[in-house]
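Subject: Structure handover

Hello,

Here is the structure I said I would pass on. My notes follow below it.

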Amino acid sequence: MVEQNHPPLAGSDDLQQLVVQITTVSEEVGPVRLMEVCGTHTVSLFRSGIRSILPANIRLISGPGCPVCVTSQGYIDAALDLARYSRVAITTYGDMVRVPGRDGSLADLRAQGADVTVCYSARDAVQHAVANPEREVVFLAVGFETTAPATAVAVLEAEQLGLQNFSLLTGHKLVMPALNALLAADDLPVDGFLLPGHVSVIIGSDVYLPLAREHGKACVVAGFEVRQLLLGILHLLRQKAAGQPRVDNVYPVAVQPEGNRRAQELLEHVFQPGDAVWRAMGNIPGSGLDLRPALARFDAWQRYDMEPGEDYEPPGCRCGEVIQGRVDPGDCPLFATACRPESPIGPCMVSSEGSCAAWYRYARRTAQG
Amino acid sequence: MVPDDIERIILAHGGGGELTSRLLAEHILPHLGNELLNPLGDGAILPAESGRLCLTTDSFVVQPLTFPGGDIGRLAVCGTVNDLAMMGARPLALSLSLIIEEGLPLAMLDRIIGSIADTAAEAGIRIATGDTKVIERQRGDGLLINTTGLGSVADSTDLSPGRIVAGDELVITGNLAEHGLAVMAVREGLGLTTRIESDVAPLADLAQQLVVGRPAVKFLRDPTRGGLAGVLADLVSETGLGIEVDENALPIAPRVQHAAELLGLDPLTVANEGKIVLVCSPEATAAVLAICHSHQYGRKATRIGTFVASEPPLAELVTKIGGHRLIQRPYGEELPRIC
């Protein structure tokens, strides 16, 4: 039975048609809980207004798909420690700069004179190292399979250039091990997964098959614009109504069953799977990417003889439960009171893909947008 | 470092001596000279004006210095002229302060000064006085500019959020998000097949046509940093009213929408440098749109929303699919997503 590459449904040219179809099918299912794995989906679902029109029995819950949100406090504190060295220049994606560590954030340290530069890409970080040969440039390499290939390219470029002053504080994570860990916990009442479009471009849609076949969860791979989101939700509901969980792909223009082989080979060449601590979820074996021994000189953990600190939650912060879909941001007592975008306590409020930031920004006052 | 053949600004150009005089005589006055500036006095004396005076200032630190559709020079003139325009003022004169980093190629300075001259001429305003400093090389920004503008506001003009009531309508004078995305696309090296151009433009002429003798127009603001979302957030807090915006009505070019999606940005929060957000009573909307449509900087003007009584006061977007979500001021810098 062909599970992949469903053609657009009849009438899907009209967005309103899709909304009507969703409403119709949702009457055939009882309460349904769908996990939006990816933080970008969370934001898109809010921005498009889809959250506000979904029938009440359809609940969307957050997942562990925001790279900054799932980064452990131990990693953040290690980055802050590195930033304090006068010869180190930290290069990082923008969201990481404002996450509070034990004693403030990278932004706070920068205001005190630490060398912290926001980069748009890993290759920018390599260029920064080339342009500043007297500085020891460390790139905070976080993100899922979408960004890891770009980091791999950057490391190979650094190797080719013979750079002596560049390293990565590796923190890349893999999505599937996290989903398996959530399902293994057994108390996750989730009926289906809205799977991340961009990650799936790299890893393909076949990797998700066990979610449907072994765990009986409805699955769909979808992109981020509004038609994709509506189509994705419709497919999940139809699977649920028919009692036929499978992996549907409504983003076939970008996602192949086997994914992007070149990107996967690149990752295998540069990285190997290793342990990774996810915020509040502890260590998930094989869920992180470490540099291969041949590239050890680009590994900041080894270069500076460091280990990540302990993971902990800032007092009162419930980010850990938010990213596992156990609570909504509105359930956290700090939400919109002590914890706001201008004074964030946890990363879910800092990150542009964080659930708490999305709730605050798009639907501050209501539970369902 | 090996010296190259490029003629560059050096610290001595800012020293007040011979090199400074030559810089002014050879690179600045030929483009910008006018009867107010030419004496190079400590200040410029302007003729008295009727009406009230409006003063505004702005500094420009954009990187890169040049981008599709414009450069820091054009931006420095338009930014201040437009602030005057939003206050209902007719621009009278600008001051121009240049802080140049040593090492800036003279050819770049010439290009920027040329832009300033062209834009000032288009805006019908003169550079009356100025200052030039040269600083030691810092981050390689090259050039920082401050412009201060003086304008004259007719006695009958009364633009203020306090005049806005429920039922008043919001108009935008054209396509959104072009300036911010044009700059970001260059910075990120986004090789977009259709180039996005900044909309940077001087709006005093359009604004005066909309405002003078037209009390039904109650408020103008240009949605620069923070974009349309920033202006709406300001209005909500200044009026205590809610705002409903229709997503279907928002004018955005498809390639701009596409670029915003690629970067994970909300077009409502991206800067514009050639657009006006206008509030008017509903009976005046048709006339306002007619004026805009017959002006080169208002061809795509459209009504986008309404003020409503709402408790608490919020700005809300009615989305394409008939859903809704809040529009709020973005926190700080909007940075493209990482995943």
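Ring pairs connect A:Phe46, A:Trp359 and A:Tyr362 into a cluster; rings of Phe, Tyr and Trp (its six-membered ring) pair if their centres lie within 6.5 Å, and planes under 30 degrees apart count as stacked, over 60 as edge-to-face and the rest as tilted.

Before the rest, the ground rules. This is a predicted model, in which local features need pLDDT of at least 70 and side-chain atom pairs count only at pLDDT 80 or more, while totals for chains, interfaces and linings use all residues. Residues are numbered from 1 along each chain as its sequence is written, chains are lettered from A and ligands numbered from 1 in the order in which they are written, and side-chain values use heavy atoms, with hydrogens and water left out.

Aromatic contacts

Over all chains, a search of the whole structure gives six aromatic pairs. A:Phe46 and A:Tyr362 are stacked, because their ring centres are 6.0 Å apart and their planes are at 20°. This pair links distant parts of the chain, with A:Phe46 in helix α2 (residues 39-47) of chain A and A:Tyr362 in helix α16 (residues 355-363) of chain A, 316 residues apart. Helices (H or I, at least four residues) and strands (E, at least two) are DSSP runs, numbered from the N terminus. A:Phe46 counts as buried at 2% relative accessibility, and A:Tyr362 counts as buried at 4% (buried means under 20% relative accessible area, exposed over 50%, partly exposed in between, with a 1.4 Å probe and protein chains only).

A:Arg51 lies over the face of A:Phe46, 4.7 Å from the ring centre; for a charge to sit over a ring, NZ of Lys or CZ of Arg must be within 6 Å of the ring centre and within 35 degrees of the ring normal.

The sheet in chain A

An open sheet of four strands in chain A has the order β4-β3-β5-β6, with parallel pairing (two strands pair if DSSP finds at least two bridges between them). Its edge strands are β4 (116-118) and β6 (166-172) of chain A. Strand β3 (residues 88-92) of chain A is joined to β4(A) by three bridges, and A:Thr91 has A:Thr117 as its bridge partner in β4(A). Helix α4 (residues 73-83) of chain A packs on the sheet and touches β3, β5 (136-143) and β6 of chain A; contact means heavy atoms within 4.5 Å.

Salt bridges

The whole structure holds 28 salt bridges over all chains, each being a side-chain nitrogen of Lys or Arg within 4 Å of a carboxyl oxygen of Asp or Glu.

- A:Arg87 bridges to A:Glu136, with the closest N and O atoms 3.1 Å apart. A:Arg87 lies in the loop between α4 and β3 of chain A and A:Glu136 in strand β5 of chain A, so the pair ties together parts that are 49 residues apart in sequence. A:Arg87 is partly exposed at 41% relative accessibility, whereas A:Glu136 is buried at 18%. The charged end of A:Arg87 also sits over the ring of A:Tyr85, 5.4 Å from its centre.
- A:Arg123 and A:Glu157 meet in a salt bridge of 2.7 Å, N to O. A:Arg123 is in helix α6 (residues 122-131) of chain A and A:Glu157 in helix α7 of chain A, 34 residues apart.
- In chain B, a network of salt bridges links B:Arg221, B:Asp234, B:Glu238 and B:Arg329.

Regards

Terms used. Axes are lines fitted to C-alpha atoms, for helices over the stretch in contact, and angles run from 0 to 180 degrees between N-to-C directions.
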